[in-house]
Each structure stands twice: as structure tokens, then as C-alpha cells.
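Please open the structure in your viewer, and keep the sequence panel beside it. The tour below goes from stop to stop, saying at each one what to select and what is there.

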Amino acid sequence: MKKSPPTTLIPGLLAVLAVAAVATWVKWGLFTHLPLPLRLPGSDGLEQAGDVETVPLVGKLTTLDEKAPPPWEGSFSRFRGNRFDGIAHESVQLARSWPESGPKSLWSIDLGEGHAGPAIHRGRVYLLDYDREAERDVLRCFSFDDGTELWQFGYPVKIKRNHGMSRTVPAVDNQFVVGIGPKCHVFCLDSTTGKPYWLKDMRREFGATVPPWYNGQCPLVEKGRIILAPGGGALLIALDAKTGETLWESPNPRGWTMTHVSVIPMDLEGRRTYVYCGKGGVAGIDAEDGRLLWDTTDWKIGIATVPSPVVLPDNRIFLSGGYNAGAVMLRIEKNQQEVQQEGPPYRAKTVFRLKAKEFGSTQQTPIFFDGHLFGVRERDKQLVCLDLDGNEIWKSGARHKFGLGPYLVADRLIFLLNDEGHLTVAEMSTDRFRPLAGAQVLDGHDAWAPMALADGRLLLRDLTRMVCLDVSRDGVDAPQAKQTKTAEEAKEK
């Protein structure tokens, strides 16, 4: 009989294996510029995201203030805004300079740990949060005017610290507000009153697998339908917003599971489609019936796929990622007729690739503006401008670094928030980086949640606090405003 090794040798063998593993990572340069020890799933020493609880799934609405908020015209109604492009399309003119103290803070709210961003619509702010004491996910609705909390909808679920808890943006229209919780619970409520229509668990009903750092997918609501990407049995599904009934399920022939990416619409030759990055590749789905139109394995990330697709002119899609993944440009083309009869009618052609040193984004999705792509590069944390051939036009420079924080464009300005809550505003330009002002607007850390802007008001948060800033031109005393310092300049001082 073969003997087992002495138990006293096991610790030594494990140590040797650990050293060998580290040496391999170092050899291939995978530690370079990657703060992996800070972002490994479960490295908080707590649960893995895929644990399934047995608590009955029952939601409860709590009304806190029945007074209707003042009507505001602006809207930033979902992840990346009303047009899915990271741009606030509105007519309010924004300030080009700030006082030394920065933009005026109108109100602020304490939150549970997380990176969930807000949505704004019809004078209301919607934010997914987690109540640790009650152990429940909570969608909170606030007055955009003064931050008064109007109502909460919550349901029981056990969530533990996993580099934050809640991390998605609700989607809202005149009738519905939809959210997805950290463990893939999805719900639809009346966007005015919070009255629930339905609540589902995508793991139980559709075979979803919770990604390593909990769910990061934000819902999509279009024409009374909710589009989700559970993976598992169906890559994408369409649900009736009012009833929760399944309208169609798209095939998932490669068995891809859920990533942190959100579904993004794409108009392809007059046809409405949805683009999604699953665990293993990218696919395009017909919006009408869920038919698989194309897929490719030319883009996949081993550790975590987070930035969403950027849809560009001429049927192109720009994809980027962190962890040394770099970026890729795809073009969607018609398949030959004989191929269409046997498989999908379109194919994805890889136009070019960028190495991580050229461009890659760990968390945030780049923005397409004035025929160029703008994004913060993983390798050096600088804002970079690329043309649509992947060439670098400019970078912000060593004095202007922004980390893993979000950025948003409005009124030909770009707002950039760094990890520690320092906000910078710069002129959108395709010839060079043009910073205008900067200020410390949050006192916390891990300020990674997507921002939202409407009616000249900017909502942003760090790990535990959300603030509403007046960044409108009328909200700043222009004659007294002075050029404020960027984050790096402030540190040097």
C-alpha cells in the first residue's frame, strides 16, 4: 500500500508551492500595477459571493415621508445615463471654476458600505443599499431637492463585506424602478410610491452564478421590458416589467456565466440588439426575440470582466478591462449567406488590440465623445484620449492621476473622482488635457461608484457617504471663484 507523506512535511510542501506560485506571477509581470491583494474575492476574510441563503424571499415597503418632492426636469435614470454613454445630456450650464472650498454641498446621506451609484428621475434619487443590522438589501428613494428619504423597499438576505456590499445602479422610468442586489435578487417597483410588482432570485429561477465580488450588473428597462443577463440556462432574458413574466430567453450555447458587466443596447443595421460580455466572450442578442446574432471568444478576462461595452459608429464595439487584459476593438459584420443558414447571421471581427500598457480599465467604462475615447488607464492611472484606431492622442500626465474612481461628461466638461474623494473638472478636448478646477469633496476612500448628474447637481459617493453638489454656473460665485488644485498638486503642497 502506498504510504501518505508525514503530516509534518505538509506545511513545508505548501510553503514551497506558495513560493513557486509567487515566483511565477512575478516572472510574468502580473503583479505590476495590479493591486490584487486588495481586490481578491473573499479577501476580507468573509464569505464567498455564491452562498445561497434559505431565508424566504419576501419584500417590504416602508414609507418614511409622504410629501411629494418638488418636480425637477433633469434625469440620469440608469447606469451610464439616459443614452448609455456616460454623458449627461442637458441644457444647464455648468461652472468652469470653483471657490477654494469646491462646489457647494447641498445635502449628504450616510450609507452602508458599497459602490452602488444613484439614479435620478422626476425629482427623486434611487440608490441600492444594505442594512447590516437588519440583514437586508434596501432600495432607498430620496428627494432630489433636499435629500429627505421618502421610502424604502427591502428584503432579507445575508451579505458580508466583500470589498463593499451593494454595487449596482437602479434603472428607472415614469412607471418602474428596477434593481439587482449583490446576490442576484431582482425586483420591480412603482417608481413613485415604491409599491412592489415582483421580486425574484435569478439564481433559483434562471441558474445565475453570483460573480466573485457580488453582482455588478445594472438592469436595463426598455418599452416595459426588463433585460437581464443571468447566464446559466439563458445568456439574456426579457421580463415583462409589470408581471415579471418571461418574454424570451436567449440561447447560451457556450455556457457562459454572469460577469460584472451590464447589458448595453446597440442598433445594428436598423435592428435593436443587446451586447453582453459573459464569462468567456461577447455576444449580440436580438432585442425582439432573444435570438443569438453573433458571438466571439476573442475577448475574455480571467479574473473579472467589469467595464461594459462601448458602442461606436460603423458597427464597432470597444471593450477594455483590467488585470493586464488591455482592450480590443470589434466590428460586427454580416456572415456569408451559406454561414447564415447554419449559424448566426453576423460575426464579430477583431479590428485591433491594445496591450495593457497602451490602454486598459479595471472598473470604469470609457466614454466616447467628439469621435474619441476617453478613459483612465489602469497602468498609470492617467486619463487618456484615444482615437478610434487605438492611437494615444494625449494623457493627463503624472500630476493628474485618478485611480479607480468614476468619470462623467456634461456640458463639454469631464468630472473625475479619485479613490479618496478628490473631484477634478476638466474641459473636454481632443488635443490636450485641460484641467480647470479640483477640490476634496468626500472624506472617505474607495470612491468608485458611478456618478449621476441632472439639473446642474452632481451626485457622487465614497464607501459610506453620498453627497449632492451644485456644479451649475449659477451655483458658483464666479467673480470670487479661484482656480483650485488637482489632487496631485494638493498632495505636493
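A residue is called buried when its relative accessible area is under 20%, exposed when it is over 50%, and partly exposed in between, with a 1.4 Å probe and protein chains only. This is a predicted model, in which local features need pLDDT of at least 70 and side-chain atom pairs count only at pLDDT 80 or more, while totals for chains, interfaces and linings use all residues. Residues are numbered from 1 along each chain as its sequence is written, and side-chain values use heavy atoms, with hydrogens and water left out.

**Confidence**

Begin by colouring the chain by pLDDT, the predictor's confidence in each residue, from 0 to 100. The protein chain has an average pLDDT of 88, and 84% of its residues score at least 70. Now select residues 1-48, where pLDDT stays under 50 and where the model has 46 contacts (heavy atoms within 4.5 Å) beyond four places in sequence. Residues 478-488 also have a pLDDT below 50, and this stretch has 32 contacts in the model beyond near neighbours in sequence. Where pLDDT is low, the predicted coordinates should not be read in detail.

**Salt bridges**

A salt bridge is a side-chain nitrogen of Lys or Arg within 4 Å of a carboxyl oxygen of Asp or Glu, and the structure holds 20 of them. Select arginine 272 and glutamate 222, which form a salt bridge with their closest N and O atoms 2.2 Å apart. Arginine 272 lies in strand β18 (residues 271-278) and glutamate 222 in strand β13 (residues 220-222), so this pair ties together parts that are 50 residues apart in sequence; strands here are DSSP runs (E, at least two residues), numbered from the N terminus. Is glutamate 222 buried or exposed? With a relative accessible area of 15%, glutamate 222 is buried, whereas arginine 272, at 30% relative accessibility, counts as partly exposed.

Go next to lysine 334 and glutamate 269, whose side chains meet in a salt bridge at 4.0 Å, N to O. Because lysine 334 lies in strand β23 (residues 326-334) and glutamate 269 in the loop between β17 and β18, the pair ties together parts that are 65 residues apart in sequence. Lysine 334 is exposed, its relative accessible area being 53%.

Then select aspartate 380 and arginine 379, a salt bridge in which the closest N and O atoms are 3.8 Å apart. Aspartate 380 counts as buried, at 10% relative accessibility, and arginine 379 as partly exposed, at 32%.

On a 1 Å grid over the protein atoms alone, a cavity is a set of points where a 1.4 Å probe fits but cannot get out, and a pocket is an open set with protein on both sides within 12 Å along at least five of seven lines; lining residues have an atom within 4 Å of a point. Grid points are joined across faces, edges and corners, and a volume is the space filled by probe spheres set on the points.

For the largest pocket, with a volume of about 250 Å³, select Arg83, Phe84, Asp85, Pro265 and Val311, which lie nearest its centre among the 14 lining residues.

For the largest cavity, of about 530 Å³, select Phe79, Gln363, Gln364, Trp448 and Pro450, the closest to its centre of the 29 residues that line this cavity.

Note on methods. Helices (H or I, at least four residues) and strands (E, at least two) are DSSP runs, numbered from the N terminus.
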